[in-house]
Amino acid sequence: NATLEQEYAGAADRLSAWWFDDDKSFGGRDALFPQGYAQVASHLARDIDIRLGAAVTQIAPRRLTLGDGSVMDADRIVLTVPLGVLKAGAIRFAEPLGRARQRAIDALETGLLNKAILRFDRAAWPADVDWLEWLPWEPGRWTQFFSLARRPGWPVLVGFNAGNEAAEVERLDDRTTIASALESLRAMFGASFPEPVDAQVTRWGRDEWARGSYSFNAVGVDDRTRNALAGAEWDGALHLAGEACSRHHFGSAHGAILS
């Protein structure tokens, strides 16, 4: 669960046995973004006209239709919506996509990795480690917590659920989700483990603008599938990009940017 499902966001029985780990990593140590990933988006968006609240509902060669019915013309359209949005048909295409590209959309799957971020008054766990892992009574449920107590020194734990377990936990409200995470922490550290003073819960599967966390190589996918998804369509009028289009860095922010 920790090394497969929480890494690739897919349930183990949906991951391709041949190609699930057909990815690559960069060298160097891990790093934290203390001010958050918004810094990356802000940097990329500099000097660009950004239209907020303007959902695209249809794409035609050199033309976009927005949710309010207005139309925008464009010489080139770069489409970077999440794979889950493509698979859901949330955007209509005025002309069919190429067969290989549509097959890639159908074959790749969108995984689910959700977090419960718990903030405490103090660290009631070993503050000199980054990862807390255990074997719970429900396989795959709250098997990992990432601690921010060592660096950057915050009394915060981030709990994870992936795949089928993530989908089940998404059905719970915040209060029940936090209670479920605390049940695991108290099983590890004792009944006196404190309540968090604040919490935040993600539900990427229920986010209509994401419809999942990131793509994974499902059963039936091979090493050509992502290449078929990426690139130009309609004689260069449309280009597909995003993490799902990244051959070796799928499921990552840097893969999305490089694509």
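**Reading a predicted fold**

Guide: Threonine 225 touches Ala104, Ala107 and Leu108, leaving aside residues up to four places away in sequence. Keep in mind that this is a predicted model.

Visitor: Is threonine 225 buried or exposed?

Guide: Threonine 225 is buried, because its relative accessible area is 10% and the cut-off for buried is under 20%. Threonine 225 lies in helix H7, residues 225-229.

Visitor: How do I read a nonpolar core, and which residues of the largest one touch the most other members?

Guide: In soluble globular proteins, nonpolar side chains tend to be buried together. Here the largest core has 20 residues, and Ile59, Leu79, Ile105, Leu229, Trp234, Leu238 and Leu240 touch the most other members. Strand E4, helix H3, helix H4 and strand E14 each supply at least two residues. The largest share, three residues, comes from H3.

Visitor: What does isoleucine 59 touch?

Guide: Its contacts beyond four places in sequence include Leu64, Ile77, Leu79, Phe93, Trp234 and Leu238. A second, separate core has 16 residues, among them Leu118, Leu157, Ala181 and Phe193.

Visitor: Now the sheet. In what order do the five strands stand?

Guide: Strands of a sheet pair through backbone hydrogen bonds, either parallel or antiparallel. Here the order is E8-E9-E10-E7-E11, in an open sheet with antiparallel pairing. Strands E8 (131-133) and E11 (198-201) each have a single partner strand, so one side of each is left without a neighbour in the sheet. Neighbouring strands are turned by 20° on average, direction ignored.

Visitor: How many bridges join E7 and E10?

Guide: Seven, in the antiparallel sense. Alanine 116 stands opposite glycine 159 in E10. Helix H5 packs on the sheet, touching E7 and E10, and its direction makes about 110° with that of E10.

Notes:
Residues are numbered from 1 along each chain as its sequence is written. This is a predicted model: local features need pLDDT of at least 70, side-chain atom pairs count only at pLDDT 80 or more; totals for chains, interfaces and linings use all residues. Side-chain values use heavy atoms; hydrogens and water are left out. Two strands pair if DSSP finds at least two bridges between them. Helices (H or I, at least four residues) and strands (E, at least two) are DSSP runs, numbered from the N terminus. Axes are lines fitted to C-alpha atoms, for helices over the stretch in contact, and angles run from 0 to 180 degrees between N-to-C directions. Contact means heavy atoms within 4.5 Å. Buried means under 20% relative accessible area, exposed over 50%, partly exposed in between (1.4 Å probe, protein chains only). A nonpolar core is a set of buried Ala, Val, Leu, Ile, Met, Phe, Trp, Tyr and Cys residues joined through side-chain atoms within 4.5 Å.
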